[in-house]
Amino acid sequence: MSGKSLIENGHPYFVPTDTLEDSSDSWPQGYLSLAHYDYLGLAHHPRLVEAAKAAIDRHGTGVGASRLVGGERTGHRALEDDLARFLGVGGVLSVISGYLTNVSLINHLLGPKDLVLADELAHNSIVIGGKSGRFDWRTFEHNNLDDLERILDEVRGTHNRVLIVTEGLFSMDGDISDLPRLLKIKEKHDAWLLLDEAHSYGVLGTTGRGLCEHFGIDPNRIELTVGTLSKSFASSGGFICANAEVIEWLRFTLSGFVYSVGLSPATVASSHAALEVLASEPDRVTRLRANSRKFLRGARARGLNTGSAIGEAVIPILFDTPEQCVYVAEALMQSGIYAPPIFHVGVPKDLPRIRFFLSANHTEADIERVLDKVSESVAATQIPERIGAE
């Protein structure tokens, strides 16, 4: 059955979620979202809202040009410098779009006779960045570092520079990369590593400093990391971490930065406020982790398929068919729980799923409510009469 026929009676995408929030009284237990990656529960935090409003009052709604030719606000460097200190890296450069960050950066680093070698489940921005350059592009099996090393043994000698690209926390599966072994492999083969930590900053590690903190590794052993301001930092935009000299070079040469407008004053201010809250309230990371583990344990106890998820903010539940996936998502929505189905786009066709984003603000009652409804809906799809009627 095609994706179009599955949703021909109305689809769950592009839903005006503010309308759902306004209609919260329509459901006995209210409206609940597990479709948004507000991991630390900061999107409506008074400190962020007040910071954004104050920035607009002072600077207006936009910066009017790229930072190189139109100048920047003091807040841009202040945010980047504080991010660099928090993450323990040499420097940070913020970019208007997280997606654009990967696309622009990968193309900028490599040329003919070079190779990009990426995890096969890496984000689309990595795929597009890797396939659109003048260099070779290959993938290795998801989180299979034996496969990565096999490929490097075969082809390293025929390429000038090699860039290995993977993610810290994978956004569709909720699993992580084996960073200690990755570093050994890239050092052995004289390669560079680009680590996308979009979903792992604010999530992994005791204080939310990402995959390096999770494994107790110096982040300066990694050539480049990419983050986003749209998840744990509850705003929008992307950023690059590297040593100070590389960041200064990128300020003058990276097309996605040089030819794009700078982050808006409200975005800079709210992101900076989020960073300050994260640094001063690491218990938010602890609560997020506790909620994630509760969700994972509860899903598995109910016999639900969570794949390779480790219980860190992103937890998918996989279904047998796209039809079952859509049915469960619709049942959730009918009970006031927003968690759209994912099939055909971004995941293998035979692995439809609903991806659940946990937040530090979710309660144990929220988690039980969601899992009970999923379990109940899955059971309903397994009744022969129901399947025939559908």
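**View 1. Phe 14 in its loop.** In this predicted model, Phe 14 sits in the loop that runs between helix H1 (3-6) and helix H2 (17-22). Look at its backbone here: phi of Phe 14 is near 55°, a positive value in a residue other than glycine. Most residues other than glycine have a negative phi. Is the residue buried or exposed? Phe 14 counts as exposed because its relative accessibility is 81%, and the cut-off for that word is over 50%.

**View 2. Asn 143, another loop residue with a positive phi.** Asn 143 is found in the loop between strand E4 (136-140) and helix H8 (145-155). Its phi is positive, about 55°, although Asn 143 is not a glycine. With a relative accessibility of 27%, Asn 143 counts as partly exposed.

**View 3. Helix H6 and its start.** Helix H6 covers residues 98-109, 12 residues in total. From first C-alpha to last, H6 reaches 17 Å, close to the 16 Å expected. At the start of H6, you can find a side-chain oxygen of Ser 97 within 3.2 Å of the backbone nitrogen of Tyr 99. The buried residues of H6 include Val 103, Leu 105, Ile 106 and Leu 109.

**View 4. Val 374 in the largest nonpolar core.** Which residues touch the most other members of this core of 78 residues? They are Phe 295, Phe 356 and Val 374. Helix H13 (residues 265-280) gives the largest share of this core, six residues. Leaving aside neighbours within four places in sequence, Val 374 is in contact with Leu 304, Ile 317, Phe 319, Val 328, Leu 332 and Phe 356. Another core, of 23 residues, lies apart from the largest one, and Leu 110, Val 165, Ile 240 and Val 258 are among its members.

How values were computed:
Residues numbered from 1 in each chain as written. Predicted model: local features only at pLDDT ≥ 70, side-chain atom pairs only at ≥ 80, totals over all residues. Heavy atoms only, no water. Helix = DSSP H or I, 4+ residues; strand = E, 2+ residues; numbered from the N terminus. Expected span 1.5 Å × (residues − 1). Buried < 20%, exposed > 50% of the residue type's maximum accessible area, 1.4 Å probe, protein only. Polar contact = N/O pair within 3.5 Å; in protein donor to acceptor, adjacent residues only side chain to side chain. Core = buried A, V, L, I, M, F, W, Y, C linked by side-chain atoms within 4.5 Å. Contact = heavy atoms within 4.5 Å.
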